[in-house]
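The sequence and structure come first.

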Amino acid sequence: MSNFIDYVKIYCRSGKGGRGSTHFRREKYIPKGGPDGGDGGDGGHVILRGNRNLWTLLHLKFERHILAEHGQSGTGAKSFGKAGASKVIEVPCGTVAYDAETGEYLCDIREDGQEVILLKGGRGGLGNVHFKTSTNQAPRYAQPGEPFEERRIVLELKVLADIGLVGFPNAGKSTLLSVVSAAKPKIANYPFTTLVPNLGIVPYRDSQSFAMADIPGIIKGASEGKGLGLRFLRHIERNSSLLFLVPADADDIHEEYRILLNELEQYNPDLLEKRRILAISKSDMLDDELMEEIEKDLPEGIPHIFISAVTNFNIQQLKDLIWTEMNRDGEYRKSFDISHKNLDVRIFEDDDEDDDIPEDDWEEDWDDEDEDFDADFYYGEGIEE
């Protein structure tokens, strides 16, 4: 099994609020001590937190049930119940959360330390001491704690990168990434060598840099599930620019570019709005005359460049072109902003690994006087300001 996991489906449940106490003060020589029931503790939240030290969602693959603690009930002497501990889910930066039942977009974690409350814990109920009035000096009721929230959540990792590499298998994407950055992707002379996305930091002039993402190769019909399909295209959704790589020995460079563009459109039409650069890889086998002939048939309206990662031909010029495109119109660093669409939940219809919801082993800590408890008394009712 690959250690790179970029989506998981988990079951989350926050904590119940503890109920308030209906206790009365009973001490020797103190008649009619009155109500002194304490409040219940709040239930724990389920919180999503970004962690820059994580790269995949592998740790959640084996922790499919995330349960926060329940709040404890209040007791006598105006003692508060203990609040339930919140459950924090650490995820890589770039993780997006969706509701697994409806596909609704919930949140996007993009920064280290960023926290979002996925499910709020129930508030603890008020004890009977809050309901004592001049006309009702012995209230024998208290508030129940608020119930927990539960939800099935789909977490998707979408890599944070500035430039994304798009191309057919064996177009030279991994070789280029290994040359311009310190990344060490697998390189071999057969299709689909790259099975998971790779990320590299490309150094540039004046100690500047940008992030480049390499995804597995796309073939014609990928939108119908051929090859590795389109599942890894989520990792270039955040990019400000896309670098299309087409090898110089391709039968028809223009046609390969059109096929790649069509597959992107099938996945998400918004990808066509990104800035595009066309690089003709493996150009070390071409002379100037062949380059001029090929250049006549290249797509119009898109910057292009001939490169060779093996001989470093035009590699620095490629970096300059990428940097210019990324900074055009002063929109650099906005590449991580994407318009999130609701998830197609049909892809998870057969995923029943987490259908068994854990049973709740928590029991209410009822007081001795609970026979007079009014179950219809809810929050906000009967409380005098």
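Asp 252 caps the N-terminal end of α3, with a side-chain oxygen 3.2 Å from the backbone nitrogen of His 254. A polar contact here is a pair of N or O atoms within 3.5 Å; within protein, one must be able to donate a hydrogen and the other to accept it, and residues adjacent in sequence count only if both atoms are side-chain atoms. The model is predicted: local features need pLDDT of at least 70, side-chain atom pairs count only at pLDDT 80 or more, and totals for chains, interfaces and linings use all residues. Residues are numbered from 1 along each chain as its sequence is written, and side-chain values use heavy atoms, with hydrogens and water left out.

The chain has five helices and 14 strands; these are DSSP runs numbered from the N terminus (helices H or I, at least four residues; strands E, at least two). Helix α3 has 15 residues and reaches 22 Å from its first C-alpha to its last. That is close to the 21 Å expected at 1.5 Å a residue, where the expected span is 1.5 Å times one less than the number of residues.

Among the buried residues of α3 are Ile 253, Glu 256, Tyr 257, Leu 260 and Leu 264. Buried means under 20% relative accessible area, exposed over 50%, and partly exposed in between (1.4 Å probe, protein chains only). An α-helix has 3.6 residues a turn, so residues three or four places apart point the same way. The cover over the buried residues of α3 includes β9 (163-167), β12 (241-247), β13 (275-281) and α4 (288-295).

## Cores

The largest nonpolar core has 49 residues, and Leu 48, Ile 89, Leu 155, Phe 244 and Leu 264 have the most contacts inside it. Helix α3 (residues 253-267) gives the most to this core, with six residues. A nonpolar core is a set of buried Ala, Val, Leu, Ile, Met, Phe, Trp, Tyr and Cys residues joined through side-chain atoms within 4.5 Å. A second, separate core of 23 residues includes Ala 171, Ala 183, Phe 210 and Ala 279.

Leaving aside residues up to four places away in sequence, Leu 48 touches residues including Ile 89, Val 91, Ile 109 and Leu 155. Contact means heavy atoms within 4.5 Å. Of the contacts in the chain with a separation of 6 or more, 76% are between residues 24 or more positions apart. Buried residues make up 49% of the 385 residues in the chain.

## Aromatic rings

The structure holds five aromatic pairs. Rings of Phe, Tyr and Trp (its six-membered ring) pair if their centres lie within 6.5 Å; planes under 30 degrees apart count as stacked, over 60 as edge-to-face and the rest as tilted. Two of the pairs are listed below.

| Pair | Geometry | Centre to centre | Angle between planes |
|---|---|---|---|
| Tyr 98 and Tyr 105 | edge-to-face | 6.3 Å | 65° |
| Tyr 204 and Trp 323 | stacked | 4.9 Å | 20° |

Tyr 204 lies in the loop between β10 (198-203) and β11 (209-214) and Trp 323 in helix α5 (residues 315-326), so this pair ties together parts that are 119 residues apart in sequence. Tyr 204 is buried at 14% relative accessible area, and Trp 323 is buried at 14%. Ring pairs link Tyr 204, Phe 210 and Trp 323 into a cluster. In the other listed pair, Tyr 98 is buried at 2%, whereas Tyr 105 is partly exposed at 28%.
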